[in-house]
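Dear colleague,

I am passing on the structure we spoke about, with the sequence and coordinates placed just below. Please read the notes that follow with the model open beside you.

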Amino acid sequence: MSPASAMQLAVALPVAASVPIVLTGRSPNLRELVTLVTAAVVLGLVGSTVPDVLAGERPELTLLQLLPGLSLTFRLEPLGMIFALVASFLWLVTSIYSIGYMRGHHEQNQTRFYACFALAIASALGVAFAGNMLTLFVAYELLSLSTYPLVTHAGTDEAKRAGRLYLGILMGTSIGFMLLAVMWTWHITGSLDFREGGLLAGQIEGPAAAALLALYVFGIGKAAVMPFHRWLPAAMVAPTPVSALLHAVAVVKSGVFAILKICVYLFGLDFLTSTGASDWLLYFAGATILIGSLIAMRQDNLKARLAYSTISQLSYIVAGALLASSLATTGAAMHIAMHAFGKITLFFCAGAILVAAHKTEISQMDGLGRVMPLTFSAFFIGSLSIIGLPPTGGTWSKFYLALGSLEAGQMWILVTLMISSVLNIAYLLPIPIRAFFAVSADSESQAIKEAPLPCLIAIGASTAGCLYLFFDPSVVYELARRIAGGG
Amino acid sequence: MLSVLANDLPALQVVVPLVSAPLCLILARWPRIVWLLCLAASWTSLAIAIELLDQVLSGGTISYAMGGWAAPWGIEYRIDAVNAYVILIVTGIASVVMPYANQSVAKEIPADRVPLFYALLMLCLTGLLGMTITGDAFNVFVFLEISSLSMYGLISMGRDRRALTSAFQYLVMGTIGGTFILVGIGFLYVVTGTLNMADLAMRLPEVTQLRTLHTGFAFLVVGIGLKLAMFPLHLWLPNAYAYAPSTATAFIAATATKVAVYALLRFVFTVIGPVIAYQDLPFGEIAKVLAVLGLVTGSFVAIFQENVKRMLAYSSVAQIGYILLGIGLATVMGLTASMLHLFNHALIKGALFMAVGCLFYRTRSVRLDDLRGIGRKMPWSFGAFVIAGLSLIGVPLTAGFVSKWYLVQASLEVGQWPLAVLVLGGSLLAIIYIWRVVEIAWFGSPSTRAAEATEAPLGLLIPTWILVLANLYFGTHTGLTVGVANLAARTLAEGLR
Amino acid sequence: MRFLQLYNYEIAIFLAMVGLYIVVSSGNLVKKIAGLSMFQISVFILYISMGVVEGGTVPILIEGVQRYSNPLPHVLILTAIVVGVATTAVALSLVIRINEAYGTAEEDEIHEQDESF
């Protein structure tokens, strides 16, 4: 199968799968079989294109001519490849996890959940494959819309409020800022194609370039750069698999992915460096890194702590993109994958704790590690990856980000990264340590067992991923290296 | 026989609905036949409209002398890309609304008045088509009053007694507007001695500096402004849309203001000429300011409405602002955006009001409070509302996105980026008022009315979904709309610069 | 003296203003309609006045007469009068229905019953 049709099929399949998912709603086993098979096939399709992309091919496919010169186009390049691989692999893992979680937690409306999930993944893959800014924008909006029912899944007042904030910020920023930026770009260049070396390079003055970039960076609310980050903690009312895959991987990563794409292919790294258009935005990214970590320290709710940690980590990638050096870009692209594996492990663990022990607050988790040793071991390894310590994949992305900030001559970003790593240790490691070594206050906890088997399988897979990426990051690295034109 | 008729297509365009109006009354005893007659009449009109557009696109402007009296003595019907396009919009909407009417009207209108309702609907269609097709200034006034008078009747047939007061309110304002137009046409006649639009356009350049001409133009703008609900002359619109029967609202909201916009375009660009309107007189600035005020206040007020139809009506005021903005920019791109939005907004509002009509069919109410939880009871009607709502917001892949795209590009093209920001700001407000309904209708615990509701009948759902799908189709296949809108804009802008 | 020569136009303007004032100020719906009619009639006078040709006579073919007044505005205004009559008729029938529904034709009292008007 040609890479172009594999790309098309990878997006079409989850959309198509939502129909049998709805139709087989009466029989949960069949429904989940459909999900799993689709996820596996999609992963296979995405994976089959890797050799072609590594060989330098850029498969392209025009779906629809919208206006003269403006079309919906897929074009696969290394950055999109990384994102698509991560999203499709973790979809499979999350699907396994969901089976255990949703049944173990007796959630309502599971059919709607699985159908929307499939649509969300299709949109995320659409973001990954986008060949021009319009396609990216369309897929981005579809992702917001398809995840809205997932955020409001519980149907409670709190979920409704969260949904309003979620859609309000994401749609508001995207239509208010990003769409304006897209139209502005079209007005300047008459094109929206992602082009190596930058579409806008040399076509726009420095201050205007800075303004346009700001419209993009703040218009992409999914990247959660402060002050447009509030939706992410709010969205934590969603069921844990949603938080895990969407709000640690697909949704937020499509945001930072879009910023990376814009910096590399719309502005061009050289152009950004020469105009300095991104310098002042770096301060926002740096501030988000630190403030996010500081707020995370104060959260007692585990998912809220992880959410603020995500906000902070996302800005690593944003900063990597804005540094506009080839090493930083490599690091940022790698961090998309590394953080995804680390954070999804942590969310899986949080969900497992909720299902098995019905606990959401960190202060209640004393001593839980002794009855749920697997879960907390995995949590520990995931934490290491987020912090960036060996033997986990997070080491490499932080290493390249640090090198990139030196290459760009922005020492203070390096310092910020170091401080943030210390803060990461401070808010993540105490959780497994307390769970293993502190003594539980109540005696009930002796009755608690590990989470259902599907959850444990998923946790095992993502933890193994964290470790594997330390010892063999070659696929991710080789792809990331090619983004900034490294052959 | 057919070839003879083929030559008289422009006349038939108006005559077919005109004749069917009295036939409705003659056949009043068989309501079903009345409906079928109207259905046939509107579909025939659509077929004629498509044929006319095709002729215009291939062979250029068509001139038809009514009754064989040559212009400028007789009344000329003159069809170019601009009005062929508007006629297509009007007949297209009529053709979709008419199948919808059958069940909706049967439920909302007392049985003995059903034939009257259809007769008025046909007269309204006649008036709107006549206004669009004619090349005679005074004829515009006559057809305008035909459509207006029938509209007053249509609105007053709403079940709520407030329909009566709304119709009266509209009648007073509409008549003042119509009379203003009459005065304006009179002034044009005084300075030129002709009523034929093409003739007027030829003779006016000789008298550009006359105060009479300027005054006449002002009267025309205010008069037409009243009919097209230009801010701040929009006060009649919210009540009229809110209390009219569902079918009437869907039809009027999608067509009446569009035709008024067409009349404005025709007078500004063809008759008076853009040089006088934009350079000697500040029409462009006035249009832009009123457009912005309309789109901001309309969107803002819409957020606070408790009646969904009223909310959509205020949104119409805002959307008219978008259309007017394109006109105010006075560039080919701006006019293209306006012409596009004329078409797209007809699709959007038609679909939205028909979807609300579906909800009303079961719940007998359009108050937000009563629609609590209706989304889960009537998923198809509600789904239609959501998709059409997204099109209203201007989400990509829907028709609304295409016109907004052009409007923003038109603003950027002339360097007026604050206008671009305002256009997108309007979209943000649209998100708020559409999503407010979505949230209440989907998450609210069902109200007593919603609890008993079941999905609307197919007779309502199919026409509604045709319009909804048209929103998606024209959002992704823009060749036809953009092509024709652009051609129409270029036709209008011939006198520009 | 020009002021006096144009007296028919001034009457038209006066009638228009009076008519509009009544529409705006009167709370009684029937009186509103009367004002509206006056407003329309003022325009009829305007049209008829502009058909006048100096030294012209009635536009009927008469032996030896060269100048006729312009008959077209008169014809136009015949149409406009029909429109005016129709409008008044519709308006009055609406008032009858309003009176049936609300038991009054006074704007204030209707407003008291329904907040919408």
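Across the interface between domain 1 and domain 2 of chain B, the rule finds zero salt bridges, and please keep in mind throughout that this is a predicted model. Polar contacts, by comparison, were found there: between domain 1 of chain B and domain 2 of chain B the count is 11 residue pairs, both residues of a pair being at pLDDT 80 or more. On the side of domain 1 of chain B that touches domain 2 of chain B, the elements that give two or more residues are helix 3 (31–59), helix 4 (81–108), helix 9 (211–227), helix 10 (236–243), helix 11 (246–272) and helix 12 (274–280) of chain B. The residues on that side of domain 1 of chain B divide into 39 nonpolar, eight polar and seven charged.

As for the division itself, domain 1 of chain B covers residues 1–281 and domain 2 of chain B covers residues 282–497, and the contact between them takes 54 residues from domain 1 of chain B and 49 residues from domain 2 of chain B. The C-alpha centres of these two domains of chain B lie 22 Å apart. The area buried between them is about 4600 Å², and carbon and sulfur atoms give 78% of that area. Within the area that domain 1 of chain B buries against domain 2 of chain B, 16% is supplied by B:Tyr85, B:Tyr100 and B:Phe231, which is more than any other three residues supply.

In chain A, a cis peptide bond joins A:Pro390 and A:Pro391, with omega about 5°, and A:Pro391 is found in the loop between helix 16 (373–387) and helix 17 (394–407) of chain A.

Two residues with positive phi may also be worth a look in the viewer. A:Ala324 has a positive phi of about 55° although it is not a glycine; A:Ala324 lies in the loop between helix 13 (302–323) and helix 14 (326–357) of chain A, and it is buried, with a relative accessible area of 9%. In chain B, B:Leu397, which is not a glycine either, has a positive phi of about 80°, and its place is in the loop between helix 17 (379–393) and helix 18 (399–413) of chain B.

How values were computed: Residues numbered from 1 in each chain as written. Chains lettered and ligands numbered in written order. Predicted model: local features only at pLDDT ≥ 70, side-chain atom pairs only at ≥ 80, totals over all residues. Heavy atoms only, no water. Domains from an automatic or database assignment. Contact = heavy atoms within 4.5 Å. Buried area = accessible area lost by both parts, 1.4 Å probe. Salt bridge = Lys/Arg side-chain N within 4 Å of Asp/Glu carboxyl O. Polar contact = N/O pair within 3.5 Å; in protein donor to acceptor, adjacent residues only side chain to side chain. Helix = DSSP H or I, 4+ residues; strand = E, 2+ residues; numbered from the N terminus. Nonpolar A, V, L, I, M, F, W, Y, C, P; charged D, E, K, R; others polar. Buried < 20%, exposed > 50% of the residue type's maximum accessible area, 1.4 Å probe, protein only.
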